[in-house]
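Please have the sequence and the structure open while I talk.

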Amino acid sequence: MKGAWSLLHQWHLPAGFVAKRSCKFPAACNSATPLNVRKNMCFCAQMQTAAYEIVNGSYVPTGDKEGSSKVKENETLNVENVGAFQKLPMVMPSVDVLYSALRKAKKVSPTKGIANAAKRERNRGAKQLDTLMKELAVKLRTYTENFPSKKSLHPYERSLVELTLGDGNYEQVLSRVDTLRKKVVSIGKEQASLCAKSMSKREAEQRLTEGMNKIELIFSVEGKVLDDLLNIAKTLRAMPVVDLETPTLCLVGAPNVGKSSLVRLLSTGKPEICNYPFTTRGILMGHITLSYQNFQVTDTPGLLRRHDDDRNNLEKLTLAVLSHLPTAVLYVHDLSGQCGTSPSDQFIIYNELKERFGDHLWLDVVSKCDLLSNPPALFATEDGDSDSSELARYRIMGPDGTIRVSVTTETGINELKSKVHELLLTQATRIDKGKSHQETMNSPT
């Protein structure tokens, strides 16, 4: 009767109070909770488990929200801002991890006060095996927990992982590390249990040696995955960091059109400059300071005329920057015939990208203007007589509003710097407006 009275008493309390303290009810009591109280309780649970994916600084349109129902209950997915690679833990080589754990385990002494030699040796052996197992397992767990899941990364960094390490390699290595941890725990517990059941001091010593050897063997054979994780951490940590709130200028164009030369001229970036395609082997970041304002400049690998499915990973890096970062575009054209990509192919590439990423701020530059010839350069694969009027004009002048520059003679460089400054100031205004809009949307009404 007392329990029934207590339950009846709870019914007359406010619904919010019942929901907050519902965890203290027995299972039988919860089933008898009135319908209106249970609704409030369910509402609270839904509020606690709702997850929202917010991607900052991306031009990619927000997708349909129906897929959110597939997220498991009590699982919250937080998408990181950029910079997750700089937070990666320092990974020790597998040999160092093993020998550090062995040293600590061998220093463990038996529990004081055990007079019987066999019991004392059993106790020492079991404690040392347990310590070795825990030292290795805790280290491995720390790595798997502190490396972010690919789903939680910003879309730009997610693309870097896939294109730099290979699709699926990142998750595979982390999975192998966790598998190794489980094996170490299983073998360690088994061997510690066997040692604790030894009937004599000699048997305990033998079980300890066998247990140590088994754990050391499994870690030596499969612990190389830690070295793979170490290389992944080094590779990702070396990736350029992009500040989404700092205006960024992205140089885009076909291979060998002079993007890297302009990056050197405009910023602190020092890319390699050679007279062959795909000199730029990744994303390179530089910085500009104009009128006491800081801006970012990124050099990207060149794009060829082909379908996205046929592009190499270097080209896909360029598309990832344009797709996931709020950049202004400085598109570089080379109409001199020196870059290896014909003007007609550059014209097609340019139009495809302009249509695809037209929401970016845009500035066109024709490089190597000191090498332009009259009549314009014509490749053997091209038929100038069949050119459309638009392509014929492009061969001579480039797109409308293009700035002609030459790094060699410094022609047009001052005009380019002035236009770049104006473009980045406009980009800064756009970023501030987007930030203010997001703060307004997130502020409580």
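Predicted model: local features only at pLDDT ≥ 70, side-chain atom pairs only at ≥ 80, totals over all residues.

Let me begin with Tyr331 and Trp362, both of which are buried, where buried means under 20% relative accessible area, exposed over 50% and partly exposed in between, with a 1.4 Å probe and protein chains only. Residues are numbered from 1 along each chain as its sequence is written, and side-chain values use heavy atoms, with hydrogens and water left out.

The structure holds four aromatic pairs, a pair being rings of Phe, Tyr and Trp (its six-membered ring) with centres within 6.5 Å, called stacked if the planes are under 30 degrees apart, edge-to-face if over 60 and tilted for the rest. One of them joins Tyr331 and Trp362, which are stacked at 6.0 Å centre to centre with 15 degrees between the planes. This pair links distant parts of the chain, since Tyr331 sits in strand E4 (residues 327-333) and Trp362 in strand E5 (residues 362-366), 31 residues apart; helices (H or I, at least four residues) and strands (E, at least two) are DSSP runs numbered from the N terminus.

Tyr350 and Trp362 also pair, edge-to-face, at 6.2 Å centre to centre and 70 degrees between the planes. Because Tyr350 lies in helix H13 (residues 343-356) and Trp362 in strand E5, this pair ties together parts that are 12 residues apart in sequence. Tyr350 counts as buried because its relative accessibility is 6%, and Trp362 is buried with a relative accessible area of 16%.

What do the buried residues of H13 pack against? Those residues are Pro343, Ser344, Gln346, Phe347, Ile349, Tyr350 and Leu353, and they pack against strand E1 (248-253), helix H12 (313-324), E4, E5 and helix H14 (389-397), with contact meaning heavy atoms within 4.5 Å.

Finally, the largest cavity holds about 50 Å³ of space, a cavity being a set of points on a 1 Å grid over the protein atoms alone where a 1.4 Å probe fits but cannot get out, with lining residues having an atom within 4 Å of a point. Its lining includes Phe85, Tyr156, Glu157 and Met239.

Conventions: 1 Å grid on protein atoms, 1.4 Å probe; cavity = no way out; pocket = protein on both sides within 12 Å on 5 of 7 lines; lining within 4 Å. Points joined across faces, edges and corners; volume = space filled by probe spheres on them.
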